Amino acid sequence: MEIQNKIESAASVTQCLHLGRSGERCLRAALEDGFCERHGPDAAWRFNIVARRRLFAVLLAAAVLWPILVDLYHALHH
Ligand SMILES: [Zn+2]
């Protein structure tokens, strides 16, 4: 079931609607409004939000994994 959900969410990722100066399509994955993190009307602060979301995800992962890593370290060194 989890693999099925991952396939569906990957298929639903749309491409950014932004066009470059020579008409080339932006290749980045789009956010909810159809533009990627670099483009769209609110591009100036959009990048910060995406970066903050990523930073939060990394910190959350570190907080969850830290006790496991400490256990592993003790298991290997004692
Ligand atoms: Zn874009």
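What percentage of the 78 residues in the protein chain is made up of buried residues? Buried residues make up 4% of them, where buried means that 20 or more other C-beta atoms lie within 10 Å of a residue's own, exposed that 12 or fewer do, and partly exposed that the count falls in between, with C-beta atoms placed from the backbone. The model is a predicted one, in which local features need pLDDT of at least 70 and side-chain atom pairs count only at pLDDT 80 or more, while totals for chains, interfaces and linings use all residues. Residues are numbered from 1 along each chain as its sequence is written.

The secondary structure of the chain comes to two helices and zero strands, these being DSSP runs numbered from the N terminus (H or I of at least four residues for helices, E of at least two for strands). Between helix H1 (2-11) and helix H2 (43-77) runs a loop that holds His39, and Leu17 also lies in the loop between H1 and H2.

His39 is buried because 20 other C-beta atoms lie within 10 Å. Leaving aside residues up to four places away in sequence, His39 touches Cys16, His18 and Cys26, a contact being a pair of residues whose C-beta atoms, placed from the backbone, lie within 7 Å.

Leu17, by contrast, is partly exposed, since 14 other C-beta atoms lie within 10 Å. With residues up to four places away in sequence again not counted, Leu17 touches Ala30, Gly34 and Phe35; Leu17 and Ala30 are 13 residues apart along the chain, and their C-alpha atoms are separated by 7.5 Å.

Conventions. Two residues are in contact if their C-beta atoms, placed from the backbone, lie within 7 Å.
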